Every structure is written in structure tokens, then in C-alpha cells.
Amino acid sequence: MVIRFRLRLRAVSLLTVGWGIPDVLGADIVTARKVKADGTYEYYVPGSTVKGVLRSAASRVAGAYGFTSCGEVDPEKVRKAHEAMGGPCDVCTLFGYPYPSVEGASKVYVSDFSPVGRPAPVIVARTALRDDTQTVREGSLRSVEHLLPGSEFVGEVRVDGAASRLVPLLLLAVAELRTSRVGRGSLVDARVEDGGALDAVVAPEWRGLLEGVRSWLWEGVV
Ligand SMILES: [Zn+2]
């Protein structure tokens, strides 16, 4: 069995578009552009970006809600942490873990996110800061492309039915993502669109959470 739902994202602040952006501007890249067959391009949010953000969010909140997280990234440290815990943590079980194991594959698949309507771009001149000194680099004024608040994207999330008990952890990550800064400062709202399908998946104690993530958090702000 595969559990699937749509996840809709809406920019609450400017979203940086990753396209020829110098590294010095940091990991504030949420949106990207891809060239289509006809030579035009469209904005999208890579599924790997969304998955990474959800994983970090899940790690932050897991412990507060009775789920486990080893909190490690380095493969060897993850392996040792799981050994000490008597098995893989919940976050790694859901999102996958980096050392060889039959069970190590991710139980979550996140598609690329396509734009809903036409996201409105804006070009902003930014000054690159040197990371070490926070001083402005000479000649480093760059034009950076952003998408305006209100831009929306939709994608699909699929969860292996074998990990259904961890769907609430995924929903907690969606809820957490809406109140935390993505990359270097973007704020993104998120809404689960499941057509009621998750009612049969999550236990009654998580019903309030499920209802919460079915609505925008920042409604009326943008
Ligand atoms: Zn882990």
C-alpha cells in the first residue's frame, strides 16, 4: 500500500531562485528554473529540497512528540547512534539513512513541485557578504531573482504503507516547516491536500494535527 497526498507550498516572503547564484549568497535557494523542451523555462521547487527541509523539521520536533531522532548526518555517527538506540531512529526510518542496510531506503518520496498559475519574479540587487568577516566583497553586487510572496507550488508526497505509523511525524514536519525559516530566511506556508485519505491512516490522537495542516497557517498574511 502506498499513502499519497498533495502538498501545496505558498511563499510568505520572497523566495530566492537558484540560477547562477554565487555560493557566497548561501543556501537560501528554495526555487529553481528549468528549461522546457520549447526553450522557455518554468520555476519549480526540487523535491529533494522539500524532502530535506521536511527531514530537518522532523528532526527538530520528533523528541517533543514521542518520536526518536538520532540527530546525526555523518554515516558512521548515524550507524553508531542507531546501534546505541537498539535500531534506526524514527526520522531515519522515514527519510532513509546513509549506511548500507536493507531497511535504509527512504520510505518517503517527494516529487518536484510545479507552479500553480504563474509565479511573479522580481529582480533584487544584493550585496554579497564574505562569510568570514561579514564585510562586503568588492564588486560583488549581484542581481538575484526572487519570486513574490503568494507564489504557489504543488507536488506529491508518497509514503510506503509499511511506515504508516510515522505519517504523523511527517505531518508534524509540515507544521514545523511553516513556522521556521527555510534556507537563509524564506518563510513558506504549506497545506496538505489529501481529499480525506489520511483520515484512515492517522490515529485519532493526531486528528487535530491533520486538520491543522489541511489549512494554510498564514492565511490573510500574504
Ligand atoms: Zn537516525
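**From cavity to zinc site**

The lining of the largest cavity is made up of 11 nonpolar residues, two polar and one charged. Nonpolar here covers Ala, Val, Leu, Ile, Met, Phe, Trp, Tyr, Cys and Pro; charged covers Asp, Glu, Lys and Arg; the others, Gly among them, are polar. The model is predicted: local features need pLDDT of at least 70, side-chain atom pairs count only at pLDDT 80 or more, and totals for chains, interfaces and linings use all residues. Residues are numbered from 1 along each chain as its sequence is written, and side-chain values use heavy atoms, without hydrogens and water.

The largest cavity holds about 110 Å³ of space. A cavity is a set of points on a 1 Å grid over the protein atoms alone where a 1.4 Å probe fits but cannot get out; lining residues have an atom within 4 Å of a point. Of its 14 lining residues, Leu9, Val30, Val50, Leu177 and Val188 are the closest to the centre.

Now the metal. Cys70 (SG), His82 (NE2), Cys89 (SG) and Cys92 (SG) coordinate the zinc ion at 2.0 to 2.3 Å. Donors are N, O and S atoms within 2.8 Å of the metal (3.2 Å for Na, K and Ca). The donor residues follow the spacing C-x11-H-x6-C-x2-C. Angles among the four donor atoms run from 103 to 115°, and the site is tetrahedral (four donors, all angles between 85 and 135 degrees).

His82 and Cys89 are both buried, meaning under 20% relative accessible area with a 1.4 Å probe, protein chains only; exposed means over 50%.

Definitions and conventions: Four donors count as tetrahedral if all angles lie between 85 and 135 degrees; four count as square planar and six as octahedral if opposite donors are over 155 degrees apart and all others between 65 and 115; anything else is irregular. On a 1 Å grid over the protein atoms alone, a cavity is a set of points where a 1.4 Å probe fits but cannot get out, and a pocket is an open set with protein on both sides within 12 Å along at least five of seven lines; lining residues have an atom within 4 Å of a point. Grid points are joined across faces, edges and corners, and a volume is the space filled by probe spheres set on the points.
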